[in-house]
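Okay, everyone, thanks for coming. Let me put the structure up, and then I'll walk you through the sheets and the ligand site.

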Amino acid sequence: MEPIYLDWAASSWPKPPAVTQAMVHFLEGNGANPGRGGHRQAMEASRALYGCRLELARLLGVARPTDIALLSGATEALNLALKGFLKPGDHVITTELEHNSVRRPLEWLKEHGGIELTYIPAGHHGKLELTRLAEAFKLNTALVACSHASNLLGSVLPIADIAALCRRRGVRLLVDAAQTAGSFSIDVEAMGIDMLAFPGHKGLLGPQGTGGLYLAPDLELEPLLQGGTGSNSEEIRQPSVRPERYEAGTRNTPGAVGLREGVRHVRETTTEAVRRHEQALVDRLHAGLLELPGVRCLGPAPGEERAALVSFVLEGEDPAVTAFRLDREYGIAVRAGYHCSPLGHRTAGTEATGAVRASVGYATTAEQIDTLLAALHEMRQG
Ligand SMILES: Cc1ncc(COP(=O)(O)O)c(C=O)c1O
């Protein structure tokens, strides 16, 4: 039984061979610390980080690579953006589709940092109503923080429209691109995004423990961490120069080397081609699921744009049991539970059960989708 991996929305796998090869090559040939020391190996490590930033900048429409901080993942990026930007008295608008990586830091700031918070509800299918968002702005609104696509429902938010609303009111926009970076074309400047948090280990095809934050040139954040940067060592305070200001401590250089190759792979394939491939697969999966007896799919209607995932529940069966059986009896890896999105489940009406989520990526095949559908069919009959 050939294992089938359909949990790409959590972490992408398999990675392009160049990702692993570049990491092994780096680890075998150079263990030096980037930005610390002037010897050749240290310089090469610094260049490796810059190479990663450069690839990311080219993919995301960022003019200056130094406006990207390399961090451990989207969670760290979101914490830095929210805790570094918001001040007591600020009002933040967010949505009920958010992952806990947005919601928990915001709730923490509400409890400990004196911010006000408004959640915009989404319709049953995960569609955000822009008028609800427009009505939520207040005089002290400082930030809109929202995902580009829901990791549970797969619905895609109209970022350019949201950005236009923010611009008109002088409000900043933070976007969580965890489910879209690498699959959707993103141009931070053209889309009007002030801060973009992204993981390296999902659609960007890098290793776990990588990711970052794009920060508009005219924005300055309070760093999350203070410490060594390898530069301005005589200064007591964290230097203001980017990206060091937000990168205290030794970076994950082998991870950045892998991420560089992952992004290169995306750029060579093009996000348009990745998108077409993924949308075709989720359309096939969605249509096939709807033919099964007693299945309910969450999120946008069939054929509508969605991120590379479909969540569903089988009537009368605990999603955890469905996922367990798929794994043990058929060798198919999917994810069951709440997907760190409790309000998203409330939106979909699945707060009591959770759901099963199958997600795809560049290496997923139509045959793998058909095998999943055949397995579910057999389980429904048996
Ligand atoms: C929408 C969303 N935001 C944030 C995250 C957190 O990303 P990371 O694992 O890189 O911290 C995830 C991961 O599942 C996600 O789906």
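Let's start with β9 and β10 (residues 309-314), which pair antiparallel over three bridges. V295 sits opposite L314 in β10 there. Pairing here means that DSSP finds at least two bridges between two strands. Strands are DSSP E runs of at least two residues, helices are H or I runs of at least four, and both are numbered from the N terminus.

Quick housekeeping: this is a predicted model, with local features needing pLDDT of at least 70 and side-chain atom pairs counting only at pLDDT 80 or more, while totals for chains, interfaces and linings use all residues. Residues are numbered from 1 along each chain as its sequence is written, and side-chain values use heavy atoms, leaving out hydrogens and water.

Back to that pair. The open sheet they belong to has four strands, ordered β9-β10-β13-β12, with antiparallel pairing. β9 (295-297) and β12 (335-337) are the edges, each pairing on one side only. From one strand to the next, the twist averages 30°. Helix α9 (residues 271-290) lies across β9, β10 and β13 (355-359), at about 15° to β10. Contact there means heavy atoms within 4.5 Å. The angles run from 0 to 180 degrees between N-to-C directions, with axes fitted to C-alpha atoms, for helices over the stretch in contact.

Now the other sheet. It's open too, with seven strands in the order β2-β8-β7-β6-β5-β3-β4 and mixed pairing. Its edge strands are β2 (68-71) and β4 (116-120), and here the twist averages 15°. β7 (residues 195-199) and β8 (residues 211-215) pair antiparallel over five bridges, with P199 opposite G211. Helix α6 (residues 159-169) lies across β5 and β6, at about 160° to β6.

So which residues are around the ligand? Among them are A74, D176, P199 and H201, where being near means a heavy atom within 4 Å. By class, the shell has three nonpolar, seven polar and two charged residues. For the classes, Ala, Val, Leu, Ile, Met, Phe, Trp, Tyr, Cys and Pro are nonpolar, Asp, Glu, Lys and Arg are charged, and the others, Gly among them, are polar.

On to individual atoms. A polar side-chain atom of D176 is 2.6 Å from a ligand nitrogen. A ligand oxygen lies 2.9 Å from a polar backbone atom of A74, and a ligand oxygen is also 2.9 Å from a side-chain N or O atom of H201. Taken alone, the ligand exposes 400 Å², and the protein buries 88% of that (Shrake-Rupley areas, 1.4 Å probe).

How values were computed: Polar contact = N/O pair within 3.5 Å; in protein donor to acceptor, adjacent residues only side chain to side chain.
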